[in-house]
Amino acid sequence: MAGNRAARTARFTRTGGPEVIEWVDVDLPDPGPGEVRMRNTAVGLNYIDVYYRAGVYPAKLPSGLGSEAAGVVEAVGEGVTAFAPGDRVGTFGPTLGAYATARNLPAETLIRLPDDIDDRTAAALLLKGCTTEFLVERCAKVEAGQTVLVHAAAGGVGHLLVGWLKAIGATVVGTAGSEAKAAQAKAAGADHVILHKHEDIAARVREITQGKGVPIILDGVGMATWEASLASAAPRGLIVSYGNAGGKVTGVDLGILAAKGSLFVTRPTLFSYYATPAEREAGTDRLFAMLRSGAITPEIGQTFALEDAAAAHRALEAGETRGASVLTV
């Protein structure tokens with residue numbers, strides 16, 4: 001066995017703002033049966049981390065933070081045969097605690113990183129990329145020729161959605177909050193970009209679609225865009241509400257779905273679609289293929305030191321980040 005190992009890890013004992021993130025020294029024991037000790041080299045920053053920290057998503061306190069990282073296997077526990085010390089690996093959850101220099105975690109939550117995918121790219125892409133894969137291909141089941149509205153099209157998931165959708169032959173209408181972010185969405189491949197601070201989203205969608213509306217809406221914002229999504233949908237359209245950056249969608253009157261044209265709405269989560277090892281392997285294989293083809297890019301907009309995670313959270317919540325953010329160890 002490898003013996004105990006000193007590590008630094010982020011914890012929060014109460015929910016709240018970025019100030020609740022604390023850094024503590026821990027003494028990692030040998031990995032237990034079915035576990036692997038992973039030394040992190042790069043950690044992904046995702047809005048879901050904010051949800052856990054703020055209490056939007058429940059976590060048993062005290063709790064670790066973060067779910068996405070890339071690194072190297074240092075030791076394996078009893079019964080682990082799929083990985084060996086020295087293997088390059090990545091994880092995107094659901095186990096929390098990625099904000100750490102090293103940790104023990106279930107081997108079944110790891111994937112082997114291909115030689116042509118570097119650690120920073122993996123840390124920036126795994127969670128958001130797998131989210132993109134399931135949203136487009138297995139949740140919305142987008143087909144070539146369809147028009148899709150993507151809210152926050154320059155965001156971490158948004159720009160991946162744009163590139164992926166274009167690669168499979170969809171027409172993309174994106175929303176953005178500034179001229180700079182509109183340019184980023186265009187660079188990712190968006191056919192049309194709506195500046196939501198200056199334009200009426202639904203009115204522009206109707207103009208772009210000759211009054212028809214769009215059959216699919218991918219909405220990672222939440223309450224702030226809910227009314228616009230309802231008003232932008234074509235009859236029998238699908239609204240995929242997958243995030244809460246603009247507040248949780250609550251108190252939905254199902255009658256409004258009838259009034260707007262017999263709409264469909266789903267609120268999916270990643271691990272309902274990555275529930276088995278086979279789904280995890282197939283989804284990540286598809287993700288890496290799209291990356292190699294050039295359809296998507298990691299678009300790492302900024303890098304923070306691992307222990308500057310609180311500052312990274314502030315920037316993310318203030319809308320000051322571009323693309324993906326990576327915490328380096």
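Mentor: Before we dig in, one term: buried means under 20% relative accessible area, exposed means over 50%, and partly exposed is in between, with a 1.4 Å probe and protein chains only. This is a predicted model, where local features need pLDDT of at least 70, side-chain atom pairs count only at pLDDT 80 or more, and totals for chains, interfaces and linings use all residues. Residues are numbered from 1 along each chain as its sequence is written, and side-chain values use heavy atoms, with hydrogens and water left out.

Trainee: Okay, how many aromatic pairs does the structure hold?

Mentor: There are 6. Rings of Phe, Tyr and Trp (its six-membered ring) pair if their centres lie within 6.5 Å; planes under 30 degrees apart are stacked, over 60 edge-to-face, and the rest tilted. Phe92 and Phe271 make a stacked one, 6.0 Å centre to centre with 10 degrees between the planes.

Trainee: Where do Phe92 and Phe271 lie?

Mentor: Phe92 is in the loop between strand S5 (88-91) and strand S6 (102-106), while Phe271 is in helix H8 (residues 270-273), so the pair ties together parts 179 residues apart in sequence. Helices (H or I, at least four residues) and strands (E, at least two) are DSSP runs, numbered from the N terminus.

Trainee: And is Phe92 buried or exposed?

Mentor: Buried, because its relative accessibility is 0%. Phe271 is partly exposed at 27%.

Trainee: What lies over the face of Phe92?

Mentor: Arg280 does, at 4.8 Å from the ring centre. A charge sits over a ring if NZ of Lys or CZ of Arg is within 6 Å of the ring centre and within 35 degrees of the ring normal. Arg138 lies over the face of Tyr274 too, at 5.0 Å from the ring centre.

Trainee: Which residues form an aromatic cluster?

Mentor: Tyr47, Tyr51, Tyr52 and Tyr57 form one.

Trainee: Switching topic: how many of the 10 residues of helix H3 are buried?

Mentor: In H3 (residues 158-167) 8 of the 10 are buried, so the helix is largely enclosed by the rest of the structure. Among the buried ones are His159, Leu161 and Trp164.

Trainee: What covers the buried residues of H3?

Mentor: The cover includes H2, strand S8 (147-150), strand S9 (171-176), helix H4 (179-188), strand S11 (214-219) and helix H9 (277-293). That rests on contact, meaning heavy atoms within 4.5 Å.

Trainee: And what follows H3?

Mentor: Gly169 does, with a positive phi near 95 degrees.
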